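User: Please examine the model below and answer some questions on its fold and surface.

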Amino acid sequence: GMLGTKRIVIYDTLVTDLDGDIDMIKSVVGHEIGHSIEHHQWVLLVTSLVNFFILFWTYGFFQNTPSVVTSFGFKEVNTYLSLRCFMTVYTGLIFPLWMVAMNAVTRWLEFRADRYSARLGYDIRPSLLKISKTNKGDLNPDWLHSLWHHNHPPLLERLHAVTEYMKKSK
């Protein structure tokens, strides 16, 4: 939660997808509690603010550069075109790189939340397998596609990380 609120919402689809298995549900709730206890929402907020800072900082360089607008074939330069052309460049060049970094941060947070659930004594692996099967997830996607598009780690990586953590913690 943020600013004094602490809520974890469990939808009926989770209970249905896990066939009402209490241990599986507790492991997922433990994972979500891990996100809360380790303040992952603040990490994501700060990384989003960094993204906005980069966006505005780079726009500061572009806004007074007429060649940005004229290189797109426009003859007159105005604030709207300057912003529009900048956003085209930003979303094409900078934002994709930022998303890879954001995916890396989010994956790191997911591994930490899985570890927290295991630290509570729950084995989240059966829950992850069941949810992945229900959602028809790819067990082992291409690493490059996954790096670029997936903000959660591939299932096999998560299972391996939880297994290794559980071995070390014994």
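User: Among contacts in the chain between residues at least 6 apart in sequence, what percentage joins residues at least 24 apart?

Analyst: This is a predicted model, in which local features need pLDDT of at least 70 and side-chain atom pairs count only at pLDDT 80 or more, while totals for chains, interfaces and linings use all residues. Residues are numbered from 1 along each chain as its sequence is written, and side-chain values use heavy atoms, with hydrogens and water left out. A contact means heavy atoms within 4.5 Å. Of the contacts between residues at least 6 apart in sequence, the share joining residues at least 24 apart is 73%.

User: What radius of gyration does the chain have?

Analyst: The radius is taken over C-alpha atoms, and the globule rule is 2.2 Å times the number of residues to the power 0.38. For a compact globule of 170 residues the radius would be near 15 Å, whereas the chain has 21 Å.

User: How many helices does the chain have?

Analyst: Helices are DSSP runs of H or I with at least four residues, and strands are runs of E with at least two. The chain has zero strands, and its helices number eight.

User: Is R7 buried or exposed?

Analyst: R7 lies in the segment before α1 (12-17). Buried means under 20% relative accessible area, exposed over 50%, and partly exposed in between, with a 1.4 Å probe and protein chains only. Because its relative accessible area is 68%, R7 is exposed.
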